[in-house]
Amino acid sequence: MPKFTIPKEELECKGHSGCAGCGATLLARYTLKALGPRTVVNVPACCWSVVQGVWPRAALKVPVIDHAFECTGAVSSGIRAALDIKGIEDVNVVGWAGDGGTVDIGLQALSGAVDRGTDMIYIMYDNEAYMNTGIQKSGCTPLYAWTNTTPGGPNGEWNLAPKKRIMEMLVVNGIVYGATVSIAYPEDLIAKLRKAKQIKGPKFIHALSSCPSGWKIDPSKSIEMARLATLTGIFPLYEVEHGKYALSKDLKSKPVEEYLKPQGRFKHLTPEMIAEIQRKVDEDYAALKSKCE
Amino acid sequence: MLDLMTANAAAAKAAMLSRVEVIAAYPITPQTSISEKLAEMVANGELKAKYIKVESEHSAMAALIGASYMGARTFTATSSQGLALMHEMLYWAAGARRPVVMPVVSRALGPPWNIWTDHMDVMGERDTGWMQFFCENNQETLDLILLAYRVAEDKDIMLPAMVIEDGFILSHTFEKVDVPAIEEVDFYLHAFNPDVKVNFRKPRRYGSLVMPDWAMEFRYNNGLAMDRAKKKIVEAGVAFKKAFGRDYCSLLEAYRCDDAEVALVIAGSAAGTAKVAADRMRERGRKVGVIKLRVFRPFPSEEFRQIASTVRTIGVFDRSYTYAESGTICGEVRNSLFSLAKDVHVKGYIGGLGGRDITEADLERIFDDLLAISHHGKVDRDMQWIALRDGSLRW
């Protein structure tokens, strides 16, 4: 019988108010299993300001500080500074922000926190749009995706910008550790977070976080979609330590179509669009692999 | 110990004497020398604190909110555009009940670009839930920062406070300042140990989502704390007098108001000029007084009603403008005196914007104008701009 390697300790309570099939709630559960109770989480405006429930209830068994949209990097710096001056060394400072709060409105504070060398684990749960406000395009929305602000229409006004390359931006900015993680690969996720916990300095975790409501998929397909993102090479699992890239697992084995087809947000894609996405994914994956050599 | 220093140096000294633990600051004229001085103090070991070089004022306030939740005493300073950029997080600090203390070196907002003093920046933050203290001179800047920490961190208050010093007029001008010994300050201002802070044994969520069935009560409680601050500021003033000898035992200072026929309300450095102008008027037998507004939030309505029970003509000088028929302070004074409106005349004056000098002559003319109102028993107009250039002079 295979050994169950996921820690049993639960720091996320049953009864949060996330949507059915929310990838980010699983992500938080695994993250806290990896990091343990000496963790203080700070959360900007994002799905997680709501997922945690309504006062006086809370969904996590660790302290959480909520704040405004663009603040995660700055609040993380402040929390760490206070811990430092008080001589407390065994606490994980976690910034827990969505993709919009990270790559768009929160980019300045995040870049500042990396520049300051803040000892933090910044986790971007990437559901690829402003999902909490009801599915609007963010800097992480993939090419040609439908959102309520990239609605297509007769002129094909889908999202015409590729995802911002946040990991590469932060690597040159100076993070000491970066990693991509997925809820479909929890052991890899937990190993990476445990590793991040041991490293001092600014760490960045990019977590693909499937969103049935925004991606227009059945909640039961949430983990499957996250897995397909990796198997198609759209979301490869890798690490970056002090600028050095390493592929965690070379899993790219399927055409992108298998990931795109089941999702309502991609249902308008023409064969040409799919071919273009495939070409870009192939290029990006090859570029990543060459960086890993 | 007596020393010669600018208000900015006094503000940095006050932060050091208060043993602030986390500083987050971003440069802006005319505040910059406060954050430079503190960087120096931290670098040379004079102050044991963490200094976060943030990338904006917005992040400065955000960082301090995080630090304060962890139980650290927090400090920043800003001016003008920087304060405006912080706006969102000022509400957050107050709503989250984090007692950040922040000198604001008042400065005009652009455009047109202008680095000199007026109060439009701080008046724009009137409704954020911060206590607001105005300084007349450099000594008050040092003293009111110590006092502000004591009140802000009081368990019955837990509200942030800004201590306002006029840009350049105070921030860059040397004055004699009596600097207390840090041991004396320790006696006056105890270590920060808030009831509400992150506790790993009892994990909680701070800044939660609150539905309409409770949200109003949160806001109301902020209001109650602000109301209680009136009494706490007076108590902190009494304790201050006992510890250091200087008198901040009231929210406003009524100068020669006891037998005054008219009085002028004024805040900040110009209050000193107004006192000199009042002395001159008194030499000529004119019964005028000055009401120096030291605390704008909480607003001393009751104190104003008391003064208005004997002084029936009150002018209000605003170094800010609200694009309506009133300066900011004037609106508040009128509001406080509305129930006495039949017997009391209030007139607003707007001046000193963008660093325009407020001269003794300007203020003497205002006193003459108020005396004329008192004699006629009638206000000629609700508001008047003073010392505008020729061509647009409306005096």
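Reader: What makes strand 2 of chain A and strand 9 of chain B a pair?
Author: Two bridges join strand 2 (residues 64-66) of chain A to strand 9 of chain B. Pairing needs at least two bridges, so the pair qualifies. The two strands run parallel. The model is predicted.

Reader: Which strands form the open sheet, and in what order?
Author: Nine strands form it, in the order 8(A)-7(A)-5(A)-6(A)-4(A)-3(A)-1(A)-2(A)-9(B). The pairing is mixed.

Reader: What makes strand 8 of chain A and strand 9 of chain B edge strands?
Author: Each pairs on one side only.

Reader: Where does helix 11 of chain A lie?
Author: Helix 11 (residues 271-292) of chain A lies across strand 7 (238-241) and strand 8 of chain A. To strand 8 of chain A, the helix runs at about 115 degrees.

Reader: How do you know that the radius of gyration of chain A agrees with a compact globule?
Author: Set the value against the rule. A compact globule of 293 residues would have a radius of gyration near 19 Å; chain A has 18 Å, so the two agree. The C-alpha trace of chain A spans about 60 × 50 × 45 Å along its principal axes. Of the 293 residues in chain A, 54% are buried.

Reader: What makes strand 2, helix 2 and strand 3 of chain B a unit?
Author: They make a right-handed β-α-β unit. Helix 2 spans residues 32-43 of chain B. Strand 2 of chain B and strand 3 (residues 50-53) of chain B run parallel and are joined by four bridges. Ala24(B) has Ile52(B) as its bridge partner in strand 3 of chain B. Strand 2 of chain B also pairs with strand 4 (residues 74-75) of chain B, in the parallel sense, over two bridges. There, Ile23(B) has Phe75(B) as its bridge partner.

Reader: Which way do the residues of strand 2 of chain B point?
Author: Val22(B) and Ala24(B) point one way, Ile23(B) and Ala25(B) the other. All are buried. In a regular strand, side chains alternate between the two faces of the sheet.

Reader: Why is strand 7 of chain B called largely enclosed?
Author: Six of the six residues of strand 7 (residues 161-166) of chain B are buried, so the rest of the structure largely encloses the strand. Ala161(B), Val163(B) and Glu165(B) are on one side, and Met162(B), Ile164(B) and Asp166(B) on the other. Both faces are covered.

Reader: Which strand pairs with strand 7 of chain B over six bridges?
Author: Strand 5 (residues 101-106) of chain B does, in the parallel sense. Ser106(B) has Asp166(B) as its bridge partner in strand 7 of chain B. Strand 6 (residues 131-134) of chain B also runs parallel to strand 7 of chain B, joined by four bridges. Phe133(B) has Val163(B) as its partner there. From strand 6 of chain B, the chain crosses through helix 6 (residues 138-152) of chain B to strand 7 of chain B, in a right-handed β-α-β crossover.

Reader: Why is Glu235(B) called partly exposed?
Author: Glu235(B) has 14 C-beta neighbours inside 10 Å. Buried takes 20 or more, and exposed 12 or fewer. The count of 14 falls in between, so Glu235(B) is partly exposed. Glu235(B) lies in helix 8 (residues 212-244) of chain B.

Reader: What makes strand 10 and strand 16 of chain B edges of their sheet?
Author: The sheet has six strands in the order 10-12-11-14-15-16 (chain B). Strand 10 (252-255) and strand 16 (383-385) of chain B each have a single partner strand, so one side of each lacks a neighbour in the sheet. The twist averages 20 degrees from one strand to the next. Strand 16 of chain B runs parallel to strand 15 (residues 345-350) of chain B, joined by three bridges.

Technical notes. Residues are numbered from 1 along each chain as its sequence is written. Chains are lettered from A and ligands numbered from 1 in the order in which they are written. This is a predicted model: local features need pLDDT of at least 70, side-chain atom pairs count only at pLDDT 80 or more; totals for chains, interfaces and linings use all residues. A crossover is right-handed if, with the strands pointing away from the viewer, the path from the first strand over the helix to the second runs clockwise. Two residues are in contact if their C-beta atoms, placed from the backbone, lie within 7 Å. Axes are lines fitted to C-alpha atoms, for helices over the stretch in contact, and angles run from 0 to 180 degrees between N-to-C directions. The radius of gyration is taken over C-alpha atoms; the globule rule is 2.2 Å times the number of residues to the power 0.38.
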